[in-house]
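Subject: Structure handover

Hello,

Here is the structure I said I would pass on. My notes on what was found in it follow below.

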Amino acid sequence: FALSPQRRMMALAAEHHQAGRLREADQLCRQVLQNDPAHVDALRMLGLVAASSGDLDDAEHLLRQALAAAPDHAPALFELGRVLRELERPDDAIAVYRDLLALEPDNPKAHFQLASALAPAARNDEAAAAYRRCLALAPKHAGAWLGLGHLLKTVGQQDEGIAAYRRCIALEPEFGEAYYSLANLKT
């Protein structure tokens with residue numbers, strides 16, 4: 001940090017953001033951007049702050065600015081996909097997650113997020129493949145087991161859905177949504 005004051009400021013901004021001190025995080029990022037208007041991490045952090053504040057349109061704009069400066073910045077792509085999902089633009093989110101996977105094909109979280117965007121768009125086969133790829137890379141990803149269970153239940157593969165819910169519960173015994181989903185099958 002002594003060699004790079006910007007790094008110190010960004011680390012402090014991340015601490016502020018995580019603690020919910022959004023104004024402080026915003027101020028530090030803007031200070032960094034005064035010296036370096038294309039500082040990708042500062043733009044990304046401002047996007048996170050905007051999203052945390054509920055300003056999803058501004059968050060999208062800031063994240064796209066970060067990606068204009070560094071198109072292969074995986075964390076910015078990840079966050080942009082999340083913001084687009086919250087903006088209820090699934091096709092845009094899917095495209096962003098596919099871009100992320102082109103950069104990081106073995107990223108289980110990216111496969112999970114892609115599946116989570118595909119499933120509500122009723123692209124069931126693609127969603128199932130993305131959940132399964134996530135689980136091939138990270139077999140203990142409880143959220144992917146839950147999502148796969150939901151998807152399998154939706155397409156009428158109840159026994160497979162039950163097995164996925166049970167796997168989720170075995171991995172995280174206090175995952176309430178898995179119990180609810182299993183009970184909701186009314187078998």
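Is arginine 123 buried, partly exposed or exposed? Arginine 123 has a relative accessibility of 28%, so it counts as partly exposed. Please keep in mind that this is a predicted model.

Salt bridges around arginine 123

Arginine 123 forms a salt bridge with aspartate 91, at 3.7 Å from N to O. Arginine 123 sits in the loop between α7 and α8, while aspartate 91 belongs to helix α6 (residues 90-103), so this pair ties together parts that are 32 residues apart in sequence. Aspartate 91 counts as exposed, because its relative accessibility is 53%. Glutamate 126 also makes a salt bridge with arginine 123, and here the closest N and O atoms are 3.0 Å apart. With a relative accessibility of 33%, glutamate 126 is partly exposed. Elsewhere, one network of salt bridges with shared partners joins Glu60, Arg64, Arg89 and Asp92. The search of the whole structure gives 11 salt bridges.

Another salt bridge joins glutamate 79 to arginine 82, with 2.8 Å between the closest N and O atoms. The two residues are 3 apart in helix α5, so about one helical turn separates them. Glutamate 79 is buried, because its relative accessible area is 12% and the cut-off for buried is under 20%. Arginine 82, at 28% relative accessibility, is partly exposed.

Which side chain of opposite charge is nearest to arginine 44? The answer is glutamate 79, at a distance of 4.4 Å. Arginine 44 is part of helix α3 (residues 40-52). Once neighbours within four places in sequence are set aside, the residues in contact with arginine 44 are Leu63, Ala66, His73, Pro75, Ala76 and Glu79.

Two pairs of packed helices

Two packed helices are described by the angle between their axes and the distance between the axes.

For the pair α4 (residues 56-69) and α5 (residues 74-86), the angle is about 155° and the axes are 9 Å apart. That makes the two helices, α4 and α5, roughly antiparallel, because angles over 145 degrees are counted that way. The crossing of α4 and α5 is left-handed. On the α4 side, the contact is made by Leu56, Ala59, Glu60, Leu63, Arg64, Ala66 and Leu67. On the α5 side, the contact residues are Ala76, Leu77, Glu79, Leu80, Val83, Leu84 and Glu86. Some of these names have come up already: Leu63, Ala66, Ala76 and Glu79 are among the contacts of arginine 44, and Glu60 and Arg64 are among the members of the salt-bridge network.

How do α8 and α9 cross, and at what angle? The axes of α8 (residues 124-137) and α9 (residues 142-154) come within 9 Å and cross at roughly 155°. Helix α8 is therefore roughly antiparallel to α9. This crossing, of α8 and α9, is left-handed. Helix α8 contributes Asn124, Ala127, Ala128, Tyr131, Arg132, Cys134 and Leu135 to the contact. From α9 come Ala144, Trp145, Gly147, Leu148, Leu151 and Leu152.

Loop residues with positive phi

Glutamate 88 has a phi near 60°, which is a positive value in a residue other than glycine. Glutamate 88 lies in the loop between α5 and α6, and it is exposed, with a relative accessible area of 69%. Alanine 122 likewise is a residue other than glycine with a positive phi, near 60°. Alanine 122 is in the loop between α7 and α8 and is exposed, at 58% relative accessible area.

Lysine 109

Lysine 109 belongs to helix α7 (residues 108-118). Its relative accessible area is 55%, so lysine 109 is exposed. How far apart are lysine 109 and threonine 187 in sequence and in space? They are separated by 78 residues in sequence and by 32 Å in space, taken from C-alpha to C-alpha.

Regards

Note on methods:
Residues are numbered from 1 along each chain as its sequence is written. This is a predicted model: local features need pLDDT of at least 70, side-chain atom pairs count only at pLDDT 80 or more; totals for chains, interfaces and linings use all residues. Side-chain values use heavy atoms; hydrogens and water are left out. Helices (H or I, at least four residues) and strands (E, at least two) are DSSP runs, numbered from the N terminus. Buried means under 20% relative accessible area, exposed over 50%, partly exposed in between (1.4 Å probe, protein chains only). Lys and Arg count as positive and Asp and Glu as negative; His and the chain ends are not counted. A salt bridge is a side-chain nitrogen of Lys or Arg within 4 Å of a carboxyl oxygen of Asp or Glu. Contact means heavy atoms within 4.5 Å. Axes are lines fitted to C-alpha atoms, for helices over the stretch in contact, and angles run from 0 to 180 degrees between N-to-C directions. Angles under 35 degrees count as roughly parallel, over 145 as roughly antiparallel, 65 to 115 as roughly perpendicular and the rest as oblique. A crossing is left-handed if the near helix is turned anticlockwise from the far one by less than a right angle, and right-handed if clockwise.
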